[in-house]
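User: I am new to this structure and would like to go through it step by step. Could you take my questions in turn?

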Amino acid sequence: MFFAPTLRTARFAPRAYDQAFERFASEAFAGARRSPLVEQDDTSWTLSLDVPGLAREDLVINIEGALVRIDSKAEAKRQFKAAYELPLDIDVTASDAKLENGVLTLKLGKRVPVSQAAQLQIN
């Protein structure tokens, strides 16, 4: 029996599919890249990444929901690209980044989930 997997995009939201594919592609083609050192406490995560040869001006960090993307600019001496998805959304106002001796340290604040539940009165 021959099995050929099919892709059904209707089951997935376009953004979720794009993230899943991007994660698969970066893991498949990146080779044996080291994972970042991740620590956490009650209010934040701390990610430490080795980025030797890159200056502050060479890096761009984008945060969207629970996803953090780190990219080097096109004119940088060395190219770097990474994306990490955390379990909760990131509070950008409580986050900061520091580059020292080739180590990028991101302190990412945890956004406290706000309940959207509303009470309905019974008549």
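The questions and answers below go from the whole chain to single residues.

User: What kind of model is this, and what average pLDDT does the chain have?

Analyst: This is a predicted model, in which local features need pLDDT of at least 70 and side-chain atom pairs count only at pLDDT 80 or more, while totals for chains, interfaces and linings use all residues. Residues are numbered from 1 along each chain as its sequence is written, and side-chain values use heavy atoms, with hydrogens and water left out. The pLDDT is the predictor's confidence in each residue, on a scale from 0 to 100. In this chain 72% of the residues score at least 70, and the average pLDDT is 82.

User: What share of the residues in the chain is buried?

Analyst: A residue is called buried under 20% relative accessible area, exposed over 50% and partly exposed in between, with a 1.4 Å probe and protein chains only. The chain has 123 residues, and the buried share of them is 24%.

User: In what order do the strands of the four-stranded open sheet stand?

Analyst: Two strands pair if DSSP finds at least two bridges between them, and strand E1 (residues 37-40) pairs with E2 in the antiparallel sense over four bridges. Three residues form the link of the hairpin that joins E1 to E2, and Glu39 has Thr46 in E2 as its bridge partner. The pairing in this open sheet of four strands is antiparallel, and the order is E1-E2-E7-E6. Its edge strands, each pairing on one side only, are E1 and E6.

User: Which strands stand at the edges of the three-stranded sheet, and why is one side of each left without a neighbour?

Analyst: This open sheet has antiparallel pairing and the order E3-E4-E5. Each edge strand has a single partner strand, so one side of each is left without a neighbour in the sheet, and these edges are strand E3 (59-64) and strand E5 (81-85).

User: How many bridges join E3 to E4?

Analyst: E3 and E4 form a hairpin with two residues between them, and Gly65 in the turn has a positive phi of about 65°. Within this pairing, Leu59 stands opposite Ser72 in E4, and Ile63 stands opposite Val68 in E4. E3 and strand E4 (residues 67-72) run antiparallel, and the number of bridges joining them is six.

User: How many bridges join E4 to E5?

Analyst: One of the facing pairs is Arg69, which stands opposite Ala83 in E5. E4 and E5 run antiparallel, and the bridges that join them number five.

User: Is Ser44 buried or exposed?

Analyst: Ser44 lies in strand E2 (residues 44-50). Leaving aside residues up to four places away in sequence, Ser44 touches Glu39, Lys107, Leu108, Gly109 and Lys110. Because its relative accessibility is 4%, Ser44 counts as buried.

User: How far apart in space are Leu99 and Ser48, C-alpha to C-alpha?

Analyst: Leu99 is found in strand E6 and counts as buried at 13% relative accessibility. The residues that Leu99 touches, not counting those up to four places away in sequence, include Val51, Leu54 and Leu59. Leu99 and Ser48 are 51 residues apart in sequence, and their C-alpha distance is 9.6 Å.

User: Which residue forms a salt bridge with Arg111?

Analyst: A salt bridge is a side-chain nitrogen of Lys or Arg within 4 Å of a carboxyl oxygen of Asp or Glu, and the structure holds one. Arg111, in the segment after strand E7 (103-110), and its partner in strand E6 (residues 90-100) are 20 residues apart. Arg111 is partly exposed, with a relative accessible area of 41%. The closest N and O atoms are 3.9 Å apart, and the partner of Arg111 is Asp91.

Technical notes:
Contact = heavy atoms within 4.5 Å.
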